[in-house]
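Subject: Structure handover

Hi,

Here is the structure I promised to pass on to you. Have a look at it first, and then read on for my notes.

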Amino acid sequence: MTTLPAASPEALAVSQALCGRISQAIADAGGWIPFSHYMELALYAPSMGYYAAGSRKLGEAGDFITAPELTPLFGQCLARQLAELLPQTAGAVYEFGAGTGKLAIDLLRELEALNQLPAKYVILDLSPDLIDRQRDNIRAALPHLADRVEWASSLPDAIDGVVIGNELLDAMPCEMVFRDGNRQLRQRGVTVRDGALAYEDRDFADAALAELAAQLVPDIPRYETEISLTNRGFIATLAGALTRGAILLIDYGHAASEYYHPERSMGTLLGHYRHHTVQDPFYLPGLMDLTCHVDFSAVAQSGIDAGLDLIGYANQAQFLLNCGLTERLQRLDPNDVKTYLPVAKAAQRLLSPQEMGETFKVIGFGKGVSIDWLGFARGDRCYTL
């Protein structure tokens, strides 16, 4: 059995305070809240939630590592796609959930080299701690471009440009549903039992969720899964704000046929704590990231219903290869082992089916721009959606 790293007394105090806040929310709601409400508090409660408090989240010293933190190759390849799209718009980039700012740095550096710098680079993030780190990191790495970067706390009324989100959708609160041993389908929520947070299943409180669950969840006993109404709403809202431009989202997930496969009976919800995977969503709330995989079929349909053009859907490996990752590697001297090997190792993680290459997907939407995108030029554009 793996022993998880101990939290500091200060961190434990924050988690305990958040548990009190969540317990009070449950009491105020009559003893039960939907799992999405719990997940929202665990991640975003002011000054206590995972993304609202000051703990280190990304990188080797944090809880997980993202593609931009792994290697500049990711941002360099993505920049080639942005360079193709930006001239077709007013020239702005909008990044949702920018982490430490590493992707912004890599994109701006490569776009400058391609002579396609955006007129402005707008970051939308809910984490005060990460926003401070983003400012410091961007100013240190690109002082001559720092003035192009802006921060916004809410979605602009109108967007004319390119929207990007890397590992954004998976961190949005999801609903949980459960079909019990009698094949009765119910909504999974959170209560307090014996002084601790615990699951409790109840009849659906949301008619729209009940309808979706009946359509998606296999009719087999003891089947647990997630449905993200938040993802659907976010895409619809984003589409309404996009007057012209492109939306590019990268995340781990599946098409609905795989997401709700009968053999995937335990769902996809996971916790990430200090580079360990945790199955218990109630482990140290506020100190652990909570995520669920993305249903890309739902994301695609939400965009189409909102009037967007679905440009393409590919695994991350195919998209990055289309955007020139191999050519990037070929520029390096393999005899320079000290330089070449770390880059090659990082590229392997980005491309390997056993690592990020297949699990991560890229989906692209457009409005008023060309449908011919570099990242989807080769390979099936909408395989298995």
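Let's start with L82, which is buried, with a relative accessible area of 0%. Keep in mind as you read that this is a predicted model. You'll find L82 in helix α4, which covers residues 72-85. So what does L82 touch, once its neighbours within four places in sequence are left aside? The contacts are P87, V93, L107, L111, V162, I164 and L248. P118 is worth a look too: it sits 36 residues away from L82 along the chain, yet their C-alpha atoms are separated by 9.3 Å.

Next, helix α6. This one runs over residues 128-141, 14 residues in total. From first C-alpha to last it reaches 20 Å, close to the 20 Å expected at 1.5 Å a residue. Its buried residues are D129, L130, I131, R133, Q134 and I138. What do they pack against? Their partners are α5 (102-113), β3 (120-124) and β4 (149-152).

β7 and β8 have two residues between them, and D194 in the turn has a positive phi of about 55°. Between β6 and β7 there are five residues, with R183 in the turn.

R183 brings me to backbone angles. Most residues other than glycine have a negative phi. For R183, though, phi is near 70°, a positive value.

S47 is another residue other than glycine with a positive phi, near 65°. Look for S47 in the loop between α2 (35-44) and α3 (67-70). Is S47 buried or exposed? Its relative accessibility is 56%, so S47 counts as exposed, the cut-off for that being over 50%.

That's what I have for now. Over to you!

Cheers

Conventions: Residues numbered from 1 in each chain as written. Predicted model: local features only at pLDDT ≥ 70, side-chain atom pairs only at ≥ 80, totals over all residues. Heavy atoms only, no water. Helix = DSSP H or I, 4+ residues; strand = E, 2+ residues; numbered from the N terminus. Buried < 20%, exposed > 50% of the residue type's maximum accessible area, 1.4 Å probe, protein only. Expected span 1.5 Å × (residues − 1). Contact = heavy atoms within 4.5 Å. Pairing = 2+ DSSP bridges.
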